[in-house]
Amino acid sequence: MENLIIENVSCQAEGNEILTSCSLEVNKGDCVALLGPNGHGKSTLLNVLMGNPRYEVTSGSISLDGEDLLSMSVDERSKKGLFMGFQNPPDVPGVVSMDFFRAMINAHQDKPVSLIKFYKETTQAYKRVDLNEEMASRHLNEGYSGGEKKRNEILQMLLLKPKLALLDEIDSGLDVDALSLIASIINTMKEEGTTFIIVSHYDRLYQLVHVNKTAVIVNGKVALQGDGELANRIAKEGYSFLEKEYNIKIAKNEKKANDVSIGSCAVKQVIKPEQK
Amino acid sequence: MANFYNPSSLSLHEEISKDEKRGYFLKDRFEQDNELVFDVEENTNLDLTLVDFSSQDVNVHILANLKRNSSVNIQVASLCSQKYQKHFQVDVIHVQGDSLSRTKMAGINAGEGKLFFLGNSTIVNGAHRSDTRQEGKITNLNPLAKSEVSPSLLIKENDVKASHGAAVGAYNESELFYLMSRGLSLEESKKLITYGSLLPIIESLGDEKLVEEAKNSMGELSL
Ligand SMILES: Nc1ncnc2c1ncn2[C@@H]1O[C@H](COP(=O)(O)OP(=O)(O)OP(=O)(O)O)[C@@H](O)[C@H]1O
Ligand SMILES: [Mg+2]
């Protein structure tokens, strides 16, 4: 991929507007840190990019190498080289991982993969994410621990070799060793030409993979962009300096406003939404 | 494993006194009402698989009576098409303690008919340390399909384990999105999920030919 251009995208789900005129540009070779307080739209943006039907795009455009991404079906987007590592991958009972991986690889090529090549590649991938290969005969994600699910997402990324990988909190729930393992996989794939957009709440992963761009989502739009340093600063200081220095007000999500106390989220300054 | 392919009638009342694995594959033209009763003796295991791919109305009632330290594993897979009415009822009675039962029912309702999975697991007074689980799942492929899964548990002892799970639904949107995000078309994703619920049960018949036959029947479905 050469570039991804997100222009003034607004979207809604179940009647709530989530993204509001959100814009972002990502170029080949970028490793973007996508940050923002809880519930401000990071996962939503990734899901809109991947085409999750739960989110209805109401205006704006997204182009991938000049092609209209929003008019493509979810599987077409995957075939164009898009990949999303899910924040919460669903269990798919009844579907055996091995069968699924084979269907997934075959969907990306003209001729079905030979059995020998398939077993070689999956064995290698299981090794690289340090998961027991016996999990291949289990049902997809069913009964996996949090960390195993995340490793299983990375494993699929390894098998598909995407051009643009969207990783949603892939580091949450990982132990320290797993974190450096996954960082090294990301670094190798970067060298091989994969572009990354990485959502995380911690600077540890960002430092290990050397992000070169930071985009901060506040209230459903990218409110601030900067280089890799910005991600580190937010991880250290939180989001309060956004208002002081950049006059970006972090409004709390109206829906959540009743039951979430100010202290419980990373938002340091909250402007209460006006009652309708 | 003793497999019965397309039997004309299923009705029986048997005493199971040594471990047994048994499979039934229903295809066409068998009696509409069937009752299978198994008295599973002490220290004995019964493994029962019933696969129904028939084009007719079906009414099957399975009852297993479990004595001390016996176990039963009952699996039912059914494909209901057109306007057929299919009722499967699996009852397990833990007559004595230390007995274990597992019931699993998986179905696809592809037409406008009725597919019902019913079942009672009963742990009677005195059947201490018994353990029962029943689960059922039906995928409706047609908005006019009428399906019902209702397992129930009747427990009369405290020191027992009992659980059940039931689900009827169309496709789960998050599962579909997940599979499609890896490049599978909508059709392929639905197929994988649908086959996925039935195939493991059919495979436990341990007969390649029957698995192929079932796959072919499912392959003809428009999803
Ligand atoms: N399918 C949906 N239906 C209704 N509301 C939704 C849906 N998905 C997300 N939202 C709401 O949109 C807002 C943004 O959610 P999103 O998951 O994008 O946040 P996030 O920035 O990823 O947060 P976190 O850091 O907690 O993962 C939240 O208020 C959330 O409740
Ligand atoms: Mg999120």
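Some ground rules before we start. Residues count from 1 along each chain as its sequence is written, while chains are lettered from A and ligands numbered from 1 in the order in which they are written. Because the model is predicted, local features need pLDDT of at least 70, side-chain atom pairs count only at pLDDT 80 or more, and totals for chains, interfaces and linings use all residues; side-chain values use heavy atoms, with hydrogens and water left out.

Chain A, then. It has nine helices and 12 strands. Helices here are DSSP runs of H or I with at least four residues, strands are E runs of at least two, and both are numbered from the N terminus. The C-alpha atoms of chain A fill a box of roughly 60 × 40 × 35 Å along the principal axes. Its radius of gyration is 19 Å, which agrees with the value near 19 Å for a compact globule of 276 residues. That radius is taken over C-alpha atoms, and the globule rule is 2.2 Å times the number of residues to the power 0.38.

How much of chain A is buried? Of its 276 residues, 51%. Buried means under 20% relative accessible area, exposed means over 50%, and partly exposed lies in between, with a 1.4 Å probe and protein chains only. Chain A exposes about 12800 Å², and carbon and sulfur atoms supply 46% of that. The areas are Shrake-Rupley values with a 1.4 Å probe; for residues, only the protein chains shown count as cover.

Now the metal. Which protein atoms are donors to the magnesium ion, ligand 2? They are A:Ser43 through OG and A:Gln87 through OE1, at 2.0 to 2.2 Å. Donors are N, O and S atoms within 2.8 Å of the metal, or 3.2 Å for Na, K and Ca; water is not among the atoms, so sites may look incomplete. The two residues are 44 apart and link distant parts of the chain. A:Ser43 sits in helix H1 (42-50) of chain A, and A:Gln87 in the loop between strands E6 (82-85) and E7 (92-96) of chain A. A:Ser43 counts as partly exposed because its relative accessibility is 21%. A:Gln87, at 27%, also counts as partly exposed.

On to chain B. It has three helices and 13 strands. Its radius of gyration is 18 Å, close to the 17 Å from the globule rule for 223 residues, so chain B is as compact as a globular protein of that length. Buried residues make up 52% of chain B. Among its contacts between residues at least 6 apart in sequence, 75% join residues at least 24 apart. Contact means heavy atoms within 4.5 Å.

What is the strand order in the open sheet of seven strands in chain B? E1-E3-E5-E7-E9-E11-E13, with parallel pairing. Strands pair if DSSP finds at least two bridges between them. The edges are E1 (2-5) and E13 (161-169) of chain B, each pairing on one side only. Neighbouring strands of this sheet are turned by 5° on average, direction ignored. E9 (100-109) and E11 (131-140) of chain B pair over 10 bridges, with B:Gly107 opposite B:Ile138.

Helix H2 (186-203) of chain B packs on this sheet, touching E5, E7 and E9 of chain B. Its direction makes about 135° with that of E9(B). Axes are lines fitted to C-alpha atoms, for helices over the stretch in contact; angles run from 0 to 180 degrees between N-to-C directions.
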